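Dear colleague, please find below a short note on the model shown here. The points are numbered so that each can be followed beside the sequence and the structure.

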Amino acid sequence: MRLKDKVALVTGAASGFGEGIAKRFAAEGAALVIADINDQGGRRVEHEIAATGARAHYVHADVAKGGDVQAMIDAALAAFGRIDVLVNNAGWAYSNRSSLEVSEADFDKLFAINVKSLFHATRAAVPAMRRQGGGVMINIASTAAVRPRPNLTWYNATKGAAVTITKSLAVELAPDKIRVNAINPVIGETGLLETFMGAPDTPENRKRFLATIPLGRFSTPRDVASAALFLAADESDFLTGVCLDVDGGRTV
Ligand SMILES: NC(=O)c1ccc[n+]([C@@H]2O[C@H](COP(=O)([O-])OP(=O)(O)OC[C@H]3O[C@@H](n4cnc5c(N)ncnc54)[C@H](O)[C@@H]3O)[C@@H](O)[C@H]2O)c1
């Protein structure tokens with residue numbers, strides 16, 4: 001049990017990578033707070049985790065809204081008394097298209113969900129982590145920050161910001177024993193797959209993307225959860241400011 005007696009909060013945990021991370025953490029002994037705007041999916045994950053005997057609590061929270069994020073942290077503290085691990089995973093993307101065709105409304109939505117969420121989460125969670133003597137923050141960025149694909153420019157920029165925020169906070173919060181790391185998944189088999197491809201999920205379209213990944217497959221929730229587990233556990237307690245590429249060699 002690599003997370004025995006720890007409390008973890010995962011945003012965007014109603015599906016995809018977040019669901020995989022939440023379930024893996026619970027299997028390793030953590031109590032889980034699942035946050036999302038998808039109440040049906042969030043409650044399903046809550047019930048599935050609880051059915052294994054682990055503790056789970058779902059909270060509705062829009063990570064783009066400061067009030068929701070503060071309430072999410074307060075709910076976690078009320079349910080379990082502390083927050084050892086915060087995974088900022090919730091994210092959104094517009095479908096692959098020319099950077100000139102993205103609306104201003106979509107640009108603002110993108111930065112609110114993918115970047116401003118980190119501002120809100122930091123301000124809400126760090127005081128609690130300081131009080132308890134430390135903690136771990138894991139931001140789900142993307143290989144888009146390191147090896148951007150065309151037609152996703154504004155999305156790529158949000159992940160570049162997430163990487164810089166991770167490194168900067170790592171240095172700033174190290175005296176508080178708060179470790180801040182990121183994971184950069186390559187394109188994965190989640191609800192966002194078709195959005196990134198900008199085309200229907202057909203074998204031909206998959207082929208084009210798979211050709212750019214040396215290990216020859218998409219990332220999965222299991223891959224991302226394995227990396228998150230390592231970064232959350234005490235075995236990585238000398239790692240901070242790391243942005244771990246989980247990418248089958250895409251960024252080499
Ligand atoms: N799938 C990929 O190819 C890929 C690659 C690299 C990085 N990522 C990143 O991984 C993270 C998880 O995405 P995923 O691929 O699992 O997609 P997903 O769509 O399956 O999951 C995203 C989750 O975030 C939730 N969400 C969206 N907006 C929210 C908001 N405002 N507040 C709270 N929750 C919100 C959604 O309801 C959903 O449950 C995102 O940050 C994404 O940018 C995905």
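This is a predicted model: local features need pLDDT of at least 70, side-chain atom pairs count only at pLDDT 80 or more; totals for chains, interfaces and linings use all residues.

1. With 26 C-beta neighbours inside 10 Å, Thr158 counts as buried, because the cut-off for a buried residue is 20 or more. Thr158 belongs to helix H5. Leaving out residues up to four places away in sequence, Thr158 touches Leu110, Phe111, Asn114 and Val115. Pro221 is 63 residues from Thr158 along the chain, and the C-alpha atoms of these two residues are separated by 21 Å.

2. How many strands form the sheet, and in what order do they stand? Seven strands form an open sheet with parallel pairing, and their order is E3-E2-E1-E4-E5-E6-E7. At the edges stand E3 and strand E7 (243-246); each has a single partner strand, so one side of each is left without a neighbour in the sheet. From one strand to the next, the twist averages 20°.

3. The pairing of E2 and E3 may be examined next. Strand E2 (residues 31-36) and strand E3 (residues 56-60) are joined in the parallel sense over five bridges. Between E2 and E3 the chain passes through helix H2 (residues 39-50), and this β-α-β crossover is right-handed. Two residue pairs may be located in the model: Asp36 has His60 in E3 as its bridge partner, and Ala35 stands opposite Val59 in E3. Helix H2 packs on the sheet, where it touches E2 and E3, and its direction makes about 170° with that of E3.

4. Strand E5 deserves a separate point. Is E5 mostly covered or mostly exposed? It is mostly covered, since six of its six residues are buried. Gly135, Met137 and Asn139 point one way from E5, whereas Val136, Ile138 and Ile140 point the other way, and all are buried. This may be read beside a general rule: in a regular strand the side chains alternate between the two faces of the sheet.

5. Strand E5 pairs on both sides. With E4, the pairing is parallel over four bridges, and Val85 has Val136 in E5 as its bridge partner. With E6, the pairing is parallel over six bridges, and Met137 stands opposite Val180 in E6. Helix H4 (residues 104-132) lies across strand E4 (85-88), strand E5 (135-140) and strand E6 (178-185), and runs at about 175° to E4.

6. Which residues come nearest to the ligand? Of the 30 residues around the ligand, these are Gly12, Gly16, Gly91, Thr190 and Gly191. Helix H1 (16-27) and helix H6 (193-197) are the elements that give two or more residues to the shell, and H1 gives the most, with three residues. By class, the shell has 15 nonpolar, 13 polar and two charged residues.

7. Helix H6 also contains Met197. Met197 is partly exposed, with 18 other C-beta atoms within 10 Å. Apart from its neighbours within four places in sequence, Met197 is in contact with Asn96, Asn205 and Phe209. Although Met197 and Asn96 are 101 residues apart along the chain, their C-alpha atoms are separated by 6.3 Å.

8. Most residues other than glycine have a negative phi, and most peptide bonds are trans. Asp5 is not a glycine, yet it has a positive phi of about 65°. Asp5 is found in the segment before strand E1 (7-11) and counts as exposed, with 10 C-beta neighbours inside 10 Å. Asn151, likewise not a glycine, has a positive phi of about 70°. Asn151 lies in the loop between E5 and helix H5 (153-173) and is partly exposed, with 17 other C-beta atoms within 10 Å.

9. A last point concerns Val242, which is placed in the loop between helix H8 (221-232) and E7. Val242 has 15 C-beta neighbours inside 10 Å and therefore counts as partly exposed. Val242 and Leu32 are 210 residues apart along the chain, and their C-alpha atoms are separated by 24 Å.

Terms used:
Residues are numbered from 1 along each chain as its sequence is written. A residue is near a molecule or strand if its C-beta atom, placed from the backbone, lies within 6 Å of it. Ala, Val, Leu, Ile, Met, Phe, Trp, Tyr, Cys and Pro count as nonpolar, Asp, Glu, Lys and Arg as charged, and the others, Gly among them, as polar. Two strands pair if DSSP finds at least two bridges between them. A crossover is right-handed if, with the strands pointing away from the viewer, the path from the first strand over the helix to the second runs clockwise. A residue is buried if 20 or more other C-beta atoms lie within 10 Å of its own, exposed if 12 or fewer, and partly exposed in between; C-beta atoms are placed from the backbone. Two residues are in contact if their C-beta atoms, placed from the backbone, lie within 7 Å. Axes are lines fitted to C-alpha atoms, for helices over the stretch in contact, and angles run from 0 to 180 degrees between N-to-C directions.
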